[in-house]
Amino acid sequence: MTGRTGRADRGAARAGGQASAGDLLELVRRGRATTRGALQQATGLSRATVGQRLDRLFRAGWLREGAGGPVDSPHGGRPSITLEFDDEHAVVLAADLDTRHARAAVLTLTGEILAERGGTLVIEDGPEAVLGELGRWFGELLERSARSAREVCGVGLAVPGPVDHATGRVVQPPIMPGWDGYDITGRLARALTEHTGAPPIPVLVDNDANLMAYGEQRASHPDCSAFVLVKVSTGIGAGVVVDGSVYRGVDGGAGDIGHIRVPEGAQALCRCGSHGCLAAVASGGAVARRLAAAGVPAESGSDVRELLAAGHPEAAALAREAGRLVGDVLATVVTLLNPGVLMIAGDLAGTPFLTGVRELLYQRALPRSTARLDVVASRLGERAGLVGAGALVVEHLYAPERVEERLRALGV
């Protein structure tokens, strides 16, 4: 097992008294051991050692005592006091950038949104302006949520381009001119300090489809060991979650299915500079261009979404056709990855598009690949990227090895 549970088991069940305070916190957070006795059994640590390590977590404010749980001993006695991760000791900031629109929020450590806003932010204005404005948004949201800047433990940011996860920098993004290699984490951290007075805090950046997939999988399909989300908006991208972890490839390029060549797009010029990309003929932007050419006012995927919501027949027909093109490509994706859930999200994620996807997917993929496959629409909608970005920060900061670093920095 290579997912979240597997990592927790390996880390927290170390023999020979090696389990750290971070390992104990991981077991409590996952609900796998929530009393002192259960932690002793899971780790092999003595009662005194468990007590010492828990004391560090209590002093940091990361653990709290809950109600009495079941009696640990088969011989009876007083109920054991349960241990809980204290999700109120800090908050996370998250933002999801699209080409012309963005959403930002303050979230609890368990993903509850405390304050949220959306608005126009044009990615082509460049990182300096966009990230500076995002810092201002975060300042306003902290005021609305009645949380202080010093309670923020980290920031998660979703962007519409491939991201080198190790550096947090986008790599040759087709629809983000001026962002290639830019120090996003440094600029956003400075903007947050400028607008809120917050001390330097970690900023994590990932591709928007990756974070949408992460948020949706954790919220709605936690038991699905192979999960694929396809976002169809201005462009087309996929996020893949395997055993609870985002699969990114060697440098963040995994899931960029919008640039797979398709015969129907042979003459279509993509924003990446090539001809024949799937995104050039089946994205929200491509559908908008075809509608505009037919005299229907549409400039972007969001315009198409509004037309679909209003039941516009030509928009519905073109969305279904786009779904068929995407479904043809997804037949290969499904055959390769054998997911349990294939989720469609983004501007075109409505009935016409899903109908088109299903038509070609089930026609072209082997029955073996689709026998246990659920093809569904997004459940979190526009909040998926925010939830995923928040979860990315929490999983990073409260990983066992990082807990130890942070406890030492706090002097506990």
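Predicted model: local features only at pLDDT ≥ 70, side-chain atom pairs only at ≥ 80, totals over all residues.
Modeller: Local features here need pLDDT of at least 70 and side-chain atom pairs count only at pLDDT 80 or more, while totals for chains, interfaces and linings use all residues. Residues are numbered from 1 along each chain as its sequence is written, and side-chain values use heavy atoms, with hydrogens and water left out.

Biologist: Why is the contact between the side chains of Asp55 and Arg59 called a salt bridge?

Modeller: The term requires a side-chain nitrogen of Lys or Arg within 4 Å of a carboxyl oxygen of Asp or Glu. For Asp55 and Arg59 the N to O value is 3.0 Å, so the pair meets the definition.

Biologist: What makes Asp55 partly exposed?

Modeller: Buried means under 20% relative accessible area, exposed means over 50%, and partly exposed lies in between (1.4 Å probe, protein chains only). Asp55 has a relative accessible area of 38%, and is therefore partly exposed.

Biologist: Which parts of the chain does the salt bridge of Asp86 and Arg64 link?

Modeller: The side chains of Asp86 and Arg64 meet at 3.2 Å, N to O. This pair links distant parts of the chain, for Asp86 is in the loop between β2 (81-85) and β3 (91-97), whereas Arg64 is in strand β1 (residues 63-68). Strands are DSSP runs (E, at least two residues), numbered from the N terminus.

Biologist: Why does Asp86 count as buried?

Modeller: Its relative accessibility is 16%, so Asp86 counts as buried.

Biologist: Why is Arg64 called partly exposed?

Modeller: Arg64 has 27% relative accessibility and therefore counts as partly exposed.

Technical notes:
Helix = DSSP H or I, 4+ residues; strand = E, 2+ residues; numbered from the N terminus.
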